[in-house]
Amino acid sequence: MAENTNPMLLRVNNLVKHFPIRRGFLKTNVGAVRAVDGVNFHIRERETLGLVGESGCGKTTTGRCIMRAIEPTSGEVLYTRSNGETINLPELERDDLKDLRKEIQMIFQDPYSSLNPRMTLLQIVGEPLTVTKVAHGREVEERVAQLLRIVGLRPEYMRRYPHAFSGGQRQRIGIARALALNPRFIVADEPVSALDVSIQAQVLNLLQDLQAEYGLTYLFVAHDLSVVRHISDRVAVMYVGKLVEMAATEELYYTPLHPYTEALMSSVPKPDPRATKRRIILEGEVANPANPPSGCYFHPRCRYCIDICKEEEPELLEYRPEHYAKCHRAEELSLRGVGG
Amino acid sequence: MADSADTRSDVVGGEEEQTIGVEEERLMVASQWSLMWLHFKRHKLAVAGAIVVGLMYFMAIFHGFIAPYERATRSEFIFMRPQPLVFNDGENFSLRPYVMGMDAAMDRATFTRTYTVNEDIRYPVKFLTRGDEYNFLGLFKTDVHLFGVDRPGTIFLLGTDELGRDLLSRSIYGGSISLSIGLVGVVFSFVLGALLGGVSGYYGGVTDTIIQRLIEFLISLPTIPLWMALSAAVPAGWSAIQVYFAITIILSLHGWCGLARIVRGKMLETSHEDFVMAAKLSGSSDWRIITRHLLPSFMSYLIVHMTLAIPGMILGETALSFLGLGLRPPVVSWGVLLQQATNIRTVATYPWIMYPGLFVILTVLAFNFMGDGLRDAADPYKV
């Protein structure tokens, strides 16, 4: 894959989100779930970064913190606007944030709960236009018709309610809403995981077409490795609130540097029925983000664990160009990728 | 762009496009309320309930016109059994029914009045006839009634009470009080419940805890003693209208708790829906989110809850008045009317004084059937 030298769009530094655990009658703070625990990554313009990990590892929370849908506990999210100005999203005031909503939008996982069943398509897709006062009256209608056409739905549908549409069509409606304000950056939170496989491909292709046409940048949150491989330029792997590896898609899939990535890759189904199965079955449970283990969070389940892993937390380092890993033994191990 | 858009439409066309009929198209553009109505219509019992409720309220509104007598009009016929309407006199059938004349006599031995039917005197029922003067909807005085008979004939279809007053007329007048107490009480509880429940659900934290503990405390109080204590505190010198409002407030003091819990729960539930987050991310204000997204999504539940709460209020008023703690004569409500039925000897001798109870039963049942159908229809998006 060609090296992407586009200007930086988003840089996330040490993003942290802790959810307090409150107990008892007085709701005293007895601890915190470290949903996102110091995440660093960057996305360049017109690029798709896939964010993968198993359920509960903090992928969605990361996406929502960037969107300021929930407030991050700490950390920086540096976003470069179209005029070149770089701003730190978590510090933005409410009014400035409203302005920025035009540039950053989100696509949701569940096409059923993400559309208000009591509104017509015109109201749903037109809502961003009306609340930001970008368009009025007839203009809204025209723009909605145009958006529906862009996502492959008929403009005549705009008087219908969401209950008249299938899952795939609903997801297209969600995409149309995200596109309404001409955003530059879209956080797609598992946009296809609730859809049938045949529909998944259509929605993925639509997303790719839109990216080519409008120069969009995606943060693509998913847990399906083949979906991520299909759409992403680079992939970041998360484990218990931390990023463990980040690299260009093919490099990560074929030559992973982190044992967790290796285990993930071994779980990708192979199309060849005669291929020998060498799945790595991870021992034990995913670490509890409210009470994570010492040292490297992955060490209790790691096949390559040595003493230092139990005591010292490794840094996320660039071991090869644009290939980051968070493992003490990244240099000495030679791990199997998808092919092996 | 036009080209690529077209090709995409084709893709979708292959995916799940199908030719649809006019009927289906109508469903697809159907709003929540029209979908609810479609569901509700299928529930026959609920529709019947709604019709009965409608008739009851119609009767309550036009009570002066529908009742043949004024609520306080006395007659010489004390505790007289209901006079039957006769359509067929044994020889020929007539569409205009008549009531037969009554002769009153005093039994010298027991000093009770006895009434005998005088089959020779017939009073045909007349419609839009003149009778007692009443105030039509508080607008003007008139004496036109829906039906009646010429004097000296009487038409006591449900019999009379201890002062010779027509029980049917009194039940109709009582209905206007009892039914409106249900409505007014529910409106009071709705305002209290929606406000406190909404605050509780929206702000959360300490406010939420305080309101929820308050509700738990109020719910844990036994209702009848609470009502008794409160209504005992209503000053004896208050006018009928003041007592009326005091009673509705007493009833709704308890009634808002359930509603507040529902509002809070629905508020918490819907504020975590993705579409609310989507609205937030598009830059919608809190006010817009509450009024356009949150409220509409649980308004139907609130209406159902209110429908089911009205019979509770009516029963509450009836119970209080029955115990002599609620409304007092000369105000007429179903509970006040039933108060006469507290005496077993009276009930045994003159069973028709229980008829106002039938109105209560009919209304409560009709409300419950209607509420049942509304509840089924309330969320047309769940299968």
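Contact here means heavy atoms within 4.5 Å. This is a predicted model, in which local features need pLDDT of at least 70, side-chain atom pairs count only at pLDDT 80 or more, and totals for chains, interfaces and linings use all residues. Residues are numbered from 1 along each chain as its sequence is written, chains are lettered from A and ligands numbered from 1 in the order in which they are written, and side-chain values use heavy atoms, with hydrogens and water left out.

**A:Asn14 and its surroundings**

- A:Asn14 touches A:Gly38, A:Val39, A:Asn40, A:Ser74 and A:Gly75, not counting residues up to four places away in sequence.
- A:Asn14 sits in strand S1 (residues 8-23) of chain A. Helices (H or I, at least four residues) and strands (E, at least two) are DSSP runs, numbered from the N terminus.
- A:Gly75 is 61 residues from A:Asn14 along the chain, yet their C-alpha atoms are separated by 4.8 Å.
- A:Asn14 is partly exposed, at 48% relative accessible area. Buried means under 20% relative accessible area, exposed over 50%, and partly exposed in between (1.4 Å probe, protein chains only).

**The interface of chain B and chain A**

- On chain B, 40 residues are in contact with 46 residues of chain A.
- The two chains bury about 3,700 Å² between them, 53% of it on carbon and sulfur atoms. Buried area is the accessible area (1.4 Å probe) that two parts lose on being put together, summed over both.
- Two salt bridges are found across this interface. A salt bridge is a side-chain nitrogen of Lys or Arg within 4 Å of a carboxyl oxygen of Asp or Glu.
- A:Arg64 forms a salt bridge with B:Asp274, with the closest N and O atoms 3.6 Å apart.
- Several helices of chain B each supply at least two residues of the side that touches chain A, including H1 (2-16), H7 (205-220) and H11 (286-322).
- H1(B) gives the most to that side, with eight residues.
- By class, the side of chain B that touches chain A has 17 nonpolar, ten polar and 13 charged residues. Ala, Val, Leu, Ile, Met, Phe, Trp, Tyr, Cys and Pro count as nonpolar, Asp, Glu, Lys and Arg as charged, and the others, Gly among them, as polar.

**Helix H10 of chain B**

- Seven of the eight residues of H10(B) are buried, so this helix is largely enclosed by the rest of the structure.
- B:Asp274, B:Phe275 and B:Leu281 are among the buried residues of H10(B).
- On chain A, the buried residues of H10(B) pack against helix H1 (59-67), strand S6 (104-107), helix H3 (121-131) and helix H5 (167-179). On chain B, they pack against helix H9 (240-271) and H11.
- Just after H10(B), B:Gly283 takes a positive phi of about 95°.

**Buried charged residues**

- A:Arg234 lies in strand S9 (residues 234-239) of chain A. It counts as buried, at 4% relative accessibility.
- Leaving aside neighbours within four places in sequence, A:Arg234 is in contact with residues including A:His42, A:Glu47, A:Met246 and A:Glu322.
- The backbone oxygen of A:His42 lies 2.5 Å from a polar atom of the A:Arg234 side chain.
- B:Lys266 lies in helix H9 of chain B. B:Lys266 is buried, with a relative accessible area of 15%.
- B:Lys266 touches B:Phe298 and B:Tyr301, not counting residues up to four places away in sequence.

**Positive phi outside glycine**

- A:Lys133 is not a glycine, yet its phi is positive, near 55°. A:Lys133 is in the loop between H3 and helix H4 (138-150) of chain A, and is exposed at 60% relative accessible area.
- B:Leu128 has a positive phi of about 50° although it is not a glycine. B:Leu128 is in strand S4 (residues 126-136) of chain B, and counts as exposed at 57% relative accessibility.

**Cysteines**

- The count over all chains is zero disulfides. A disulfide is a pair of cysteine sulfur atoms within 2.5 Å.
- For A:Cys327, the nearest cysteine sulfur is that of A:Cys309, 6.1 Å away. A:Cys327 counts as buried, at 8% relative accessibility.
- B:Cys257 is buried, with a relative accessible area of 1%.

Definitions and conventions. A polar contact is a pair of N or O atoms within 3.5 Å; within protein, one must be able to donate a hydrogen and the other to accept it, and residues adjacent in sequence count only if both atoms are side-chain atoms.
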